[in-house]
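Subject: Structure handover

Hello,

Here is the structure you are taking over. My notes on it follow below.

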Amino acid sequence: MGKLIQFIRKKSNRFTINYFPLTKYRFNMFRYAGKGKRLSLEYKLAPGSKFYDIVQTIKKDGIAVVKIEDLFPDKTVLNDLLEEFQAFSNTKDFKDALQKGESKDNKNYLIRSGYFNKTLAVETRLFKMAVSSPFLSIVTNYLGSVPRLQFAEYWYTIPQKDSGSKNSQSWHRDPEFSMIKVFLYLNEVDNNAGPFCYIKGTHQQGELGNILPRKTPNGPFYPSEKEIFDKIDKSNIVVNTGSLGTLIFCDTNGFHKGGDAKLNPRIFAYWTYGGPGTLFGLYFKPTGDLTKLSPAQKFVVEKINL
Ligand SMILES: [Fe+2]
């Protein structure tokens, strides 16, 4: 009986997400808003502090770019991430994809660790960073709530000389009103490595937030270049080339694109956070001892009951 109820619930959820996504999104945000807000007190930032300034920059521009040592002065943090990526790049799955020149992912130019491994151990640096105080302070103060983690992965963009831009390599808005992504470059990303590009001020609360607005949180939104730049001056484009350790916080409901690597690979660690009731819940299973996590950290990696 329990299983039947669960099945019906799942089907009806899928139906509302597909056909009434905005209603479902607002309902879910409302449902978890109180808890997310209550837990956020732990991460309150004092005006004038370094993290507070980063949050203010994201609020204004939709993006803030810093260096990893600004947030994590301990060098072992970056070294651990590099080692973890190295271990991933030594797996058979990675080597096969690299040799073939494409992955089995829907974005076939990307080799994503999360595609091959749907678990993430709490003791990995990738996981620790996801629930770290610097990340959660910045993300929580931007979203106004303790967030929900959706992804924590390593990405390797395979250079493709003549591929032509596709999917997320074209300007688009990600499918949520309340979200933030964090990218940490693990190699030098120049113009030939598909740097992450953003149009400043196009996030929901930005000056250009209402230009070509997203209507529903149900799939990304890909207007043509002409539609965008008829309305927005190209001087608002930020091209984020950067060295190893470049750390980008970005509200990707604003227009962005990336990964059009022509000659050089682009490697980064990547975290996506949604609001407290996101429809795009955790895409992996945390493994290991979760009991040591604080209530806020548990909320971040909890599977949401849609
Ligand atoms: Fe995107």
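The protein chain holds eleven helices and eleven strands. Please keep in mind that this is a predicted model.

Overall dimensions

The C-alpha trace of the protein chain spans about 55 × 45 × 45 Å along its principal axes.

The six-stranded sheet

Six strands make up an open sheet, ordered β1-β8-β5-β10-β4-β2, with antiparallel pairing. At the edges stand β1 (63–67) and β2 (110–112); each has a single partner strand, so one side of each has no neighbour in the sheet. On average, and ignoring direction, neighbouring strands of this sheet are turned by 25° against each other.

Inside this order, strand β4 (residues 148–157) pairs with strand β10 (residues 266–274) in the antiparallel sense, over nine bridges. If you want a place to look at this pairing, E153 stands opposite Y270 in β10.

The three-stranded sheet

There is also an open sheet of three strands, in the order β7-β6-β9, and its pairing is antiparallel. Here the edges are taken by β7 (237–240) and β9 (256–257), each with a single partner strand, so one side of each is left without a neighbour in the sheet. Strand β6 (residues 196–199) and β9 pair in the antiparallel sense over two bridges. Y198 stands opposite H256 in β9.

The crossing in which α3 passes α9 is right-handed. On the α3 side, the contact is made by F51, I54, V55, I58 and K59. On the α9 side, the residues are P134, S137, I138, N141 and Y142. What kinds of residue make up the contact of α3 with α9? Seven are nonpolar, two are polar and one is charged.

Regards

Methods: Residues numbered from 1 in each chain as written. Predicted model: local features only at pLDDT ≥ 70, side-chain atom pairs only at ≥ 80, totals over all residues. Pairing = 2+ DSSP bridges. Helix = DSSP H or I, 4+ residues; strand = E, 2+ residues; numbered from the N terminus. Left-handed = near helix turned anticlockwise from the far one by under 90°. Contact = placed C-beta atoms within 7 Å. Nonpolar A, V, L, I, M, F, W, Y, C, P; charged D, E, K, R; others polar. Axes fitted to C-alpha atoms, helices over the stretch in contact; angles between N-to-C directions.
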